[in-house]
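Here's a quick walk through one structure, with a look at its rings, charges and strands. Have the viewer open as you read.

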Amino acid sequence: QVQLVESGGGLVQPGGSLRLSCAASGFAFSWYHMAWYRQAPGKQRELVARVRTTGTTDYADSVQGRFTISRDNAKNTVYLQMNSLKPEDTAVYYCSALGGTVFWGQGTQVTVSS
């Protein structure tokens, strides 16, 4: 049974930091590219960051320089370190495994507000 379980979301003030984690199970984690997406109310889901099986990464322009995605294949976990958070970063953040099949987590809420 495939599972992607996100954690680490919450309420943070502008300029603050959060670290999201996504624990994966039920599939060959190291064979999949991993990504974080987000969806704000009334908006489409968008790609935030991706880390490939090779370890190379790419980011949305809106988070470049503030967010860092990483993976630990030994722990079957992908992380998203989010710094200098802005109110416009408020969204539900989803972990995704990208391969022959695409898997999704249930999402974790991130709210940036004073």
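## Charges over rings

Start with Arg-19, which lies over the face of Tyr-79, 4.0 Å from the ring centre. Keep in mind that this is a predicted model, so treat the distances as what the prediction gives.

There's another arginine to look at: Arg-45 has its charged end over the ring of Tyr-94, at 3.8 Å from the centre.

## Rings with rings

How many aromatic pairs does a search of the whole structure find? It turns up 5. Take Phe-27 and Tyr-32: their ring centres are 4.9 Å apart and their planes meet at 75 degrees, which is over the 60 degrees needed, so this pair counts as edge-to-face.

Are Phe-27 and Tyr-32 buried or exposed? Both are buried. They also belong to one aromatic cluster, together with Phe-29 and Phe-103.

## The sheet

Now for the strands. Four of them make an open sheet, in the order E1-E3-E8-E7, and the pairing is antiparallel. At the edges sit E1 (3-7) and E7 (67-72), each pairing on one side only. From one strand to the next, the twist averages 15 degrees.

Zoom in on E1 and its partner E3, which covers residues 18-25. These two strands run antiparallel and share 5 bridges. To pick out one of the contacts, find Val-5: its bridge partner in E3 is Ala-23.

Methods. Residues are numbered from 1 along each chain as its sequence is written. This is a predicted model: local features need pLDDT of at least 70, side-chain atom pairs count only at pLDDT 80 or more; totals for chains, interfaces and linings use all residues. Side-chain values use heavy atoms; hydrogens and water are left out. Two strands pair if DSSP finds at least two bridges between them. Helices (H or I, at least four residues) and strands (E, at least two) are DSSP runs, numbered from the N terminus. Axes are lines fitted to C-alpha atoms, for helices over the stretch in contact, and angles run from 0 to 180 degrees between N-to-C directions. Rings of Phe, Tyr and Trp (its six-membered ring) pair if their centres lie within 6.5 Å; planes under 30 degrees apart count as stacked, over 60 as edge-to-face and the rest as tilted. Buried means under 20% relative accessible area, exposed over 50%, partly exposed in between (1.4 Å probe, protein chains only). A charge sits over a ring if NZ of Lys or CZ of Arg is within 6 Å of the ring centre and within 35 degrees of the ring normal.
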